[in-house]
Amino acid sequence: MTVACYTRVSTAKQNLDRQLTSTQQYAEDRLGANLSDIEIYRDKATGTSTTARDDYQRLMDDAESGEIDAVVAHEVSRVARSISDLERTAERLREVDVELHIVSEGLVIGADEEDPYQRALFQLLGVFGELEANIKRQNIREGIAARQESDEYRHGPAPLGFEKRDGHLVEGADYDRVCTVLDMVARDDMSQRKAADELDSSRRTIRRAVEERGELYGLV
């Protein structure tokens, strides 16, 4: 049996070690795979879209070429953060008889005797993940609208991750990465110093973004 361990983090500075350990141990203990039977796929990219992830695309190509028997991921959010991407991934794997194993939730999707309750839980996790993302986007839109009405917006520089264009505040090219890093700072998963290094900014700017402008990044 050839097992693909898929791991993903959102930024280049995040560590994949925990996911690697979790998925490899699962492949060995639950699927009986040897180290020589395990293929590792690593992405350091946002989970909002599968098209921008090189190793995800390689994984799906290998699965559809018959080179993989099972895919193991640490949790559903590592695979995708939108229900459409999640369903599309599961369906593509099911069509080529490749099982999808989710370690943290104990789910197996695509097995011959697939448990309908597991299938429902898988879909529910995807729905909640997408709902969370949509709520964040709505809060961000409201935050941007409020900022554009303030004197600070009219006279000051654009906030981190944004730019001013034709009198409007718009998301910059690195906005998604900025949101991911600031979210990690807000959850104490990354220090302000490391965040400043990651975003080529200052600790003061990071602190202000998290503490005073959280609505612009989906933090509140």
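## Burial and overall make-up

Of the 220 residues in the protein chain, 44% count as buried. The model is a predicted one. The chain exposes about 11,800 Å², and carbon and sulfur atoms supply 45% of that area.

The secondary structure comes to 9 helices and 7 strands. Contacts between residues at least 6 apart in sequence were also counted, and 59% of them join residues at least 24 apart.

An open sheet is formed by 5 strands, in the order 2-1-3-4-5, with mixed pairing. Strand 2 and strand 5 stand at the edges with a single partner strand each, so one side of each has no neighbour in the sheet. From one strand to the next, the twist averages 20°.

How do strand 1 and strand 2 pair? They run in the parallel sense, and the pairing extends over 7 bridges. One of the residues involved is V9, whose bridge partner in strand 2 is K44.

## Helix 1

Helix 1 covers residues 17-29, which is 13 residues. At 1.5 Å a residue the helix should span 18 Å, and its end C-alpha atoms are 18 Å apart, so the two values agree.

Which residues of helix 1 are buried? They are Q19, L20, S22, T23, Y26 and A27. In an α-helix there are 3.6 residues a turn, so residues three or four places apart point the same way. The buried residues of helix 1 pack against strand 1 (3-9), strand 2 (38-44), strand 3 (70-73), strand 4 (99-102) and strand 5 (107-109). They also pack against helix 3 (76-79).

## Salt bridges

The structure holds 12 salt bridges. One of them joins the side chains of D85 and R88, with N and O 2.6 Å apart. Both residues belong to helix 4 (residues 83-95), and because they are 3 residues apart, about one helical turn separates them. R88 has a relative accessible area of 43% and is partly exposed.

R187 takes part in two of the contacts described here. With D183, R187 forms a salt bridge in which the closest N and O atoms are 2.8 Å apart. With D189, the side chain of R187 meets in a salt bridge at 2.3 Å, N to O. R187 itself is partly exposed at 46% relative accessibility. D183 counts as buried at 18%, whereas D189 is partly exposed at 48%. Elsewhere, E39, D55, R58 and D62 are linked in a network of salt bridges.

## Two loop residues with positive phi

Most residues other than glycine have a negative phi. D188 has a positive phi of about 60° although it is not a glycine. Where does D188 lie? D188 sits in the loop between helix 7 (175-186) and helix 8 (192-198). With a relative accessible area of 69%, over the 50% cut-off, D188 is exposed.

D200 is another residue other than glycine with a positive phi, here near 55°. The place of D200 is the loop between helix 8 and helix 9 (203-212). D200 is exposed, and its relative accessible area is 73%.

Technical notes: Residues numbered from 1 in each chain as written. Predicted model: local features only at pLDDT ≥ 70, side-chain atom pairs only at ≥ 80, totals over all residues. Heavy atoms only, no water. Helix = DSSP H or I, 4+ residues; strand = E, 2+ residues; numbered from the N terminus. Expected span 1.5 Å × (residues − 1). Buried < 20%, exposed > 50% of the residue type's maximum accessible area, 1.4 Å probe, protein only. Contact = heavy atoms within 4.5 Å. Areas by Shrake-Rupley, 256 points an atom, 1.4 Å probe, with all protein chains shown as cover. Pairing = 2+ DSSP bridges. Axes fitted to C-alpha atoms, helices over the stretch in contact; angles between N-to-C directions. Salt bridge = Lys/Arg side-chain N within 4 Å of Asp/Glu carboxyl O.
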